[in-house]
Amino acid sequence: MIVKDVVCPFCGCLCDDIEVEVEGNRVISVGNACELGTTKLVGEERMKKPILRDGGEWREITYDEAVQRSADILTSAERPLLYGWSGTHGEAQCVGVHMAELVRGVIDNTSSVCHGPSILAIQEVGHPGCTLGVVKNRADLVIYWGSNPIDAHPRHLSRYTYYADGFFLENAFRDRKIIVVDIRKTETANVADEFLQIEPGGDYAVLSALRALVRGKPETIPKTVAGITREQLIRVADLCKEAKFGAVFFGLGLTMTQGKYKNIRNAIELVSELNRHTKFTISAMRGHYNVYGSNEVNTWMTGYPYGIDYSRGIAFYNPGETTAVDILARKECDAALIIGSDPAAHFPRRCLEHLADIPVIQLDPYPNATTAFCNIQIPVAVTGIDAEGTAYRMDGVPIRTRKILTTDYPSDEEILSRMYALMQEEQER
Amino acid sequence: MRFLMITGRTVNQGVTVENKTSPAYAEETSTCFMHELDMLDLGLDDRDAILVTGPCGMVVMRAVVSKEVEMGTVFVPYGPYANHIIDAGTHSTGMPDFKSHVVEIESTDEEPKMVHKLMEDLGGLAYDR
């Protein structure tokens, strides 16, 4: 059976034109998806049953036992951390927020280690953004700053920018200019009309120089700024001002380097300057599937996008204090629920040393690096493959994902709801 | 020699990321992409093992020539190897310095460990399927 218009469950592009051939209960071929999406849809061998760490070995347990034990761990913890959430759907994220409030825990999502700094900048100066459809149909200039979509979002260029047709562009491939700013000469840089290879840590200075040029102050620019010549900076500023519609996409090259959110703030303010001359937008290249959704769900439920601490009984938000890496590194939490992420692969070692010391529950279909630190792992359905739900695309568009397989695995929402019900009972006692 | 270590996404890291117990994931995330002249300075051939020392410890990776990185900079795909030496400080932002760590690199006779071994070194217990 061929299923059309499947939504890809891998990255924030949420490509919704995937064709999947299903035979029995397996995906046997995938059309239209990139290598990342194809591998995810075809799938790896999953964990069969919930597992419990019993001293120096693992043993399989039932779902009922796993849910009961997990609820007990979270209820008896004083400061549990509920982390991850980007690999799951909005419905499960909602249950997570209720759960965090009930146990007075901290709920944080993977954006604290990806575009959290971008959100901090947006909170300071706003977000002149737009949907990807607008970029595709209107943008005649696209800037990728500190992002390498050919590796991280492989279809971004073909669906929305470099290789895409545009309704308001006569010949999009010819008329659309691409500028890439990076410290590495990446594959994406190879297709650029202009490549600005900046020195590491030079983003803030280059953004400031471009702002000065857009403001009409070329005399303030030295011969080179962070390795970029004055001539190239002037050329790029002119390209931006002459564009009918420009779109900046920025990646972790800005959020993970020195300056962090101040880099993004400067980029947003450059876009704001450019809007005095033409139309310009800026958006984050959100990486992990439904990470945008975790920010949305958290914001509408708590008022804050990530790093929300319920220890006071009300939502408190202070990134750097209430974010997962900091809480783990300070050895603050006394239990952790991990879902839709793999912090053991992506967090600094000091955080893992603390994970090894506390009870950890993980909801994940596959054995991963975090499995080694778990007391309990509960295998769940993969959202977008054998569980349906709502996910947000990187531009904030919610998309309903469907099931393409039917398996016996429960969804994240189902397991979390069962845990939550038990935790409510326990609290009422 | 001292280098600036940058971490980031690669296609191979993304393809293997859902199968972290696989040798392919270990191989990709333990790869340290370097400029060929830097490798020459260190007397390294392609795929030689290197000891990378960061502010929080050391880890063995493999050096691979890349035309994408400049001299003085190395690139390691996101994963447990780079994170084995990355500091957890976030300057009150929640975000560690994943793309701006100064590391020391030297050649070594040791081999890179598998992911589960790295996790066990930090107090975890490997799970075999």
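Modeller: What covers the buried residues of α3(A) includes β6 (80-84), β7 (106-109), α14 (291-302), β15 (308-309), β20 (389-392) and α18 (412-428) of chain A. Contact requires C-beta atoms, placed from the backbone, within 7 Å. Helices (H or I, at least four residues) and strands (E, at least two) are DSSP runs numbered from the N terminus. This is a predicted model: local features need pLDDT of at least 70, side-chain atom pairs count only at pLDDT 80 or more, and totals for chains, interfaces and linings use all residues. Residues are numbered from 1 along each chain as its sequence is written, while chains are lettered from A and ligands numbered from 1 in the order in which they are written.

Biologist: Which residues in α3(A) are buried?

Modeller: A residue is buried if 20 or more other C-beta atoms, placed from the backbone, lie within 10 Å of its own. In α3(A) these include G90(A), V95(A), V97(A) and M99(A).

Biologist: In what order do the nine strands form the open sheet of chain A?

Modeller: Strands pair if DSSP finds at least two bridges between them. The order is β5-β4-β19-β18-β17-β6-β7-β15-β16 (chain A), with mixed pairing. β5 (57-60) and β16 (316-317) of chain A each have a single partner strand, so one side of each is left without a neighbour in the sheet. Strands β18 (residues 360-363) and β19 (residues 376-378) of chain A pair in the parallel sense over three bridges, and Q362(A) stands opposite Q377(A) in β19(A).

Terms used: Buried ≥ 20, exposed ≤ 12 C-beta atoms within 10 Å, placed from the backbone. Contact = placed C-beta atoms within 7 Å.
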